[in-house]
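This report goes through some features of one structure, section by section. The sequence and the model come first.

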Amino acid sequence: MITKFIKRILRRDPMIKHTHGNHSGAPKRIPKKSHRIDPHLLSKNAVKVTQTLQQAGYEAFIVGGAVRDLVLGISPKDFDVATNATPDQVQRLFRKARLIGRRFQIVHVTFFGKGHPEIIEVSTFRALLDNAGDHVAESGRILRDNVWGSQGEDAARRDFTINAMYYDPATETVLDYHGGMADMQKKTLRMIGDPAKRYREDPVRMLRAIRFAAKTGFSLDADTRAPIAKLGKLLQDVPSARLFDEILKLLMSGYSWAAIQGLRNAGLHHGLLPLLDHILEDSAHSQGANAFVKLALANTDQRIQSGKSVSAGFLFATLLWPDLLQNWKANLAKGMANIPALQDAMDDTIATQSSGMTIQRRFESDMREIWSMQPRFERRVGRYPYRLIESPRFRAGYDFMLLRCATGEVSPSLGEWWTNFIAGDPTTQEELMASAKNEAGSSASSPVKRRRRRKPKSALPPEGAPS
Ligand code: ATP
Ligand code: MG
């Protein structure tokens, strides 16, 4: 009955073209007792999507990273479904379904539950393309690929063997076309097909390799790793918005520090991403920058691993802080006043970034807010602290200031003061402000202030300036 249905679909839909049939080799069928996927880790909505599609006569599977994570026993952060129904056919089956994208036309099926709405991404099996014709750029990069195909072809065009497994919740069976399960056991990340060719088709796969290796703790198979050194430069041809998305995923993976080490080891740094340059290069400036950025990333990883949210604006504010500090200090040395010097440094820092990967506007305004708040933490008298607390992004600014304390850039006593101030009742707050006033009046004992006093009077930075 199902085969009859598929034949009908294939005949009816002119979009479905088959390329060579040589990739439709039979998959390994892995039963529950071998893959041991815990059904409790499944998203009910993803299961509902596969059921609805199957009841309408189509094939449907949970696929990709979700299956990889399920086999690892990790709860997947999102679920993708692959089907032989075309995007239009999928859309007709669900009330809240939207067609997305041009390069990859997919359907977003949205479910509204108690918490956040959940989006299940449904994509149609895609065909492999010939390495010729107008779909492929000169470098080998694939430009357009909305050509539907069989499940076998769909599997062959995925990136890594562990990302090319299909799970059917109805039968609790995993279909494995490329030995993904064996690679899971060997803890190996292996590119499907000829790695060099696959990186040429889509250079972002090199970054994905590093990200998944960091996330799973798997090693890159030797043949998968080898071409990266030579092909890394192809990342420069990738549109900056896509590069940005991938770097964001890498930084938000919960394993950002490991991933950045991976980038360095793979030689994927060199003007590639100005944002990461000073973390990846070993210059004198990078030493101090490293301490701050390392702490920020460790902090981010910890938050993500414990299920807390992280704002991208905050993350980029930390990564660019060392550059910003340098620019700020340079402006002060030129005789600019503190706040204009900071504002100007923010413009410079952001402009320099735009030469590589463009940071999106919404993150940019978050970054500016977090940075502008920093000198305000030094003003601890009168109405200032109360006003600062009321800023909408106070929490982010405060967390940021705590990072600066932790690396010794500002005195840890400043962080303690604010922590007590936030928690304190009005009387405690008054006392804290009085103590801050005394501290400012008498000879303060923080290392920052002591260093300042050694400078000639004319070079004294104003309150709150970087030292
Ligand atoms: P994550 O945990 O980051 O979501 P993921 O493996 O699910 O990891 P996605 O970017 O969500 O990654 O992609 C879903 C699936 O689509 C992948 O598992 C892979 O099979 C396929 N895929 C994604 N990007 C590529 C690519 N650049 N080249 C080939 N296949 C890809
Ligand atoms: Mg995914």
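## A salt-bridge network

Asp 183, Lys 186, Arg 190 and Asp 221 are linked in a network of salt bridges. A salt bridge here is a side-chain nitrogen of Lys or Arg within 4 Å of a carboxyl oxygen of Asp or Glu. By this rule the count comes to 17 salt bridges.

The model is predicted: local features need pLDDT of at least 70 and side-chain atom pairs count only at pLDDT 80 or more, while totals for chains, interfaces and linings use all residues. Residues are numbered from 1 along each chain as its sequence is written, chains are lettered from A and ligands numbered from 1 in the order in which they are written, and side-chain values use heavy atoms, with hydrogens and water left out.

## Other salt bridges

Lys 32 and Glu 172 form a salt bridge through their side chains, at 3.1 Å from N to O. This pair links distant parts of the chain, 140 residues apart: Lys 32 is in helix α2 (residues 32-35), and Glu 172 is in the loop between β7 (165-168) and β8 (173-176). Helices (H or I, at least four residues) and strands (E, at least two) are DSSP runs, numbered from the N terminus. Lys 32 is partly exposed, with a relative accessible area of 38%, and Glu 172 is partly exposed at 25%. Buried means under 20% relative accessible area, exposed over 50%, and partly exposed in between (1.4 Å probe, protein chains only).

Arg 208 pairs with Asp 159, with the closest N and O atoms 2.7 Å apart. Asp 159 is buried, with a relative accessible area of 8%. Arg 158 forms a salt bridge with Asp 154, at 3.0 Å between the closest N and O atoms, and both Arg 158 and Asp 154 are buried.

## Strand pairing

Strand β3 (residues 80-83) runs antiparallel to strand β2 (residues 60-63), joined by 4 bridges. Ile 62 stands opposite Val 81 in β3. Strand β3 also runs parallel to strand β6 (residues 118-124), again with 4 bridges. Asp 80 has Glu 121 in β6 as its bridge partner. Two strands pair if DSSP finds at least two bridges between them.

## Helix α13

Helix α13 (residues 256-265) has several buried residues, including Trp 257, Ile 260 and Leu 263. Just after α13, Gly 267 takes a positive phi of about 75 degrees.
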